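Open the model in your viewer and keep the selection tool at hand. The stops below are meant to be taken in order.

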Amino acid sequence: MESKISLKLAWLAIIFAVLQSCEEPYLPSIPESTPQIVVEGYVEAGDSDQPVIVVLTKSIPYLSKVSSDVLAASFIQGATVQVNDQEKDVVLTEICLNDLPEEERKQALALLGITGDSIAYNICVYVDILDQIDRKIGGKYDLSVKIGDTLLTATTTIPQLVPLENFLWEMPPGKPNDTLAQLKVTINDPANQNDFYRYLTASQGGNLIPPLTSVTDDVLFDGQRFEFPLSKAEDRNADFDPDTFGYFLRNDSVSIKWCTIDKAHFDFWNTRDNAANSGGPFSSYTRIATNIKGGQGIWGGYAVNFYRLKVPEK
C-alpha cells in the first residue's frame with residue numbers, strides 16, 4: 001500500500017512551492033488568509049482489500065515553514081464524510097492516531113502504509129471501518145464532505161481491470177551485470193476506448209511506492225498487445241544511480257500493484273508527477289488537476305491487480 005503520508009507531504013510541497021522563471025515569479029492567486037481544503041481519498045476493487053479512506057487537510061501558505069506542529073494542525077477533524085455507492089450512503093468514521101490504543105494504532109499505521117510508530121504528529125483520517133461500501137469493478141462512487149457550512153463533492157469510477165501478462169526477466173542493456181535484472185511485461189489493451197494505468201512496486205519487503213512517472217494512457221498502443229519494460233520504483237529521496245535505476249536485484253521478492261484508473265484520476269497523477277519531477281530556475285509552474293468541487297485534491301477509484309514475483313538468479 002502506498003504511504004498516504006508521503007503523498008500528503010508531496011501534495012503540500014507541490015501546491016505551495018514557488019517555481020520561478022527568468023521573467024517573473026509566480027504568485028499564487030489564493031490569499032494566504034484563505035486556506036483551501038485538500039481532499040485525498042480512494043476506493044479500490046479487484047485484488048485490494050483496502051477499505052475506503054479519506055484524508056482532509058487545510059492548505060498551508062507557501063511561505064510557511066512546514067514543521068510537525070504545522071502538519072498536525074493541517075488535519076481537519078469533525079467533518080462529515082459520506083460516500084454513495086449508487087445503492088446506499090455510508091458515513092465514514094473519523095479515526096485519529098492519538099485516540100487509539102497501542103495495538104490499534106499500529107494497525108492504523110499499517111493501513112496507511114507507514115512502518116514503525118515514530119510519528120511526530122497526530123494523523124486523522126476518515127475510514128469505512130465496517131467495509132460497508134460495495135467496492136466493485138465498474139462501480140461509481142459519489143463523495144460529499146461537509147465541514148461547517150462548506151460542502152465539497154466529487155465523483156469517481158472504477159474501470160474494468162486490464163491485467164499484466166507474460167512477465168519476462170532480462171539482462172539490463174549495456175555491459176553484463178550479474179546482480180540486476182530488467183522486467184518486461186505485456187498488456188492486451190482494449191481497442192477503441194481510452195484506458196489509463198498506474199502502478200507501484202515494492203521490494204525486499206518494503207512499502208509500495210510509485211515510480212517517478214507513475215501513470216500512462218494508451219494513446220500509443222490503443223487496441224494492441226504491447227510489451228514494455230516495467231521499472232522498479234525508486235525513492236525520490238534516495239541518491240540517483242544511473243547504473244541501477246529502474247532495475248530489480250537478482251533473487252529479490254517483488255510486489256507490483258497494477259491499477260486501471262479513470263481520466264480524472266489519471267489527470268491528477270499526471271500533473272502531480274510532472275510537478276514533482278520538475279525543478280530548477282527554468283522550470284514552469286504546474287497546476288495540479290483536481291476533481292474536487294469546492295476544494296483541491298483527488299477522489300480516485302482503482303481497479304487493482306497484485307503480482308508477487310521472485311527475481312530469478314542469473
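The tour goes from the whole chain to single residues.

**Whole chain**

Start with everything shown as a cartoon, and keep in mind that this is a predicted model. The protein chain has four helices and 16 strands. Of its 314 residues, 45% are buried. Among contacts in the chain with a separation of 6 or more, 73% are between residues 24 or more positions apart.

**The disulfide**

Select C96 and C124 and show their side chains. These two cysteines form a disulfide, with sulfur atoms 2.0 Å apart, and the count for the model is one disulfide. C96 belongs to strand 5 (residues 93-96) and C124 to strand 6 (residues 124-127), so the bond ties together parts that are 28 residues apart in sequence. Look along the S-S bond: the torsion is about 115 degrees, so the disulfide is right-handed. Both C96 and C124 are buried. For another cysteine, select C259, which is buried with a relative accessible area of 0%.

**Aromatic rings**

Next, show the side chains of Phe, Tyr and Trp. The model has 12 aromatic pairs. Begin with F226 and F228: the ring centres are 5.8 Å apart and the planes lie at 20 degrees, so this pair counts as stacked, the cut-off being under 30 degrees.

Move on to F240 and F245. Their ring centres are 5.1 Å apart with the planes at 55 degrees, so the pair is tilted. F240 counts as exposed, with 58% relative accessibility, and F245 as partly exposed, with 32%.

Then widen the selection to Y197, Y199, F221, F226, F228 and W258, which ring pairs link into a cluster. The stacked pair of F226 and F228 is therefore part of this cluster.

**Charges over rings**

R198 lies over the face of W269, at 3.5 Å from the ring centre. A second case is K257 with Y302: the charged end of K257 sits over the ring of Y302, 5.4 Å from its centre.

**Helix 4**

Colour its buried residues: H265, F266, F268, W269, T271, R272, D273 and A275. An α-helix has 3.6 residues a turn, so residues three or four places apart point the same way. The buried set of helix 4 includes W269, the residue whose ring face has R198 over it.

**Q182**

Finish at Q182, in strand 10 (residues 180-188). Q182 is buried, with a relative accessible area of 14%. Which residues does Q182 touch, not counting residues up to four places away in sequence? Select L168, W169, E170, P172, P173, P229 and Y247 to see these contacts of Q182.

How values were computed: Residues are numbered from 1 along each chain as its sequence is written. This is a predicted model: local features need pLDDT of at least 70, side-chain atom pairs count only at pLDDT 80 or more; totals for chains, interfaces and linings use all residues. Side-chain values use heavy atoms; hydrogens and water are left out. Helices (H or I, at least four residues) and strands (E, at least two) are DSSP runs, numbered from the N terminus. Buried means under 20% relative accessible area, exposed over 50%, partly exposed in between (1.4 Å probe, protein chains only). Contact means heavy atoms within 4.5 Å. Rings of Phe, Tyr and Trp (its six-membered ring) pair if their centres lie within 6.5 Å; planes under 30 degrees apart count as stacked, over 60 as edge-to-face and the rest as tilted. A charge sits over a ring if NZ of Lys or CZ of Arg is within 6 Å of the ring centre and within 35 degrees of the ring normal. A disulfide is a pair of cysteine sulfur atoms within 2.5 Å.
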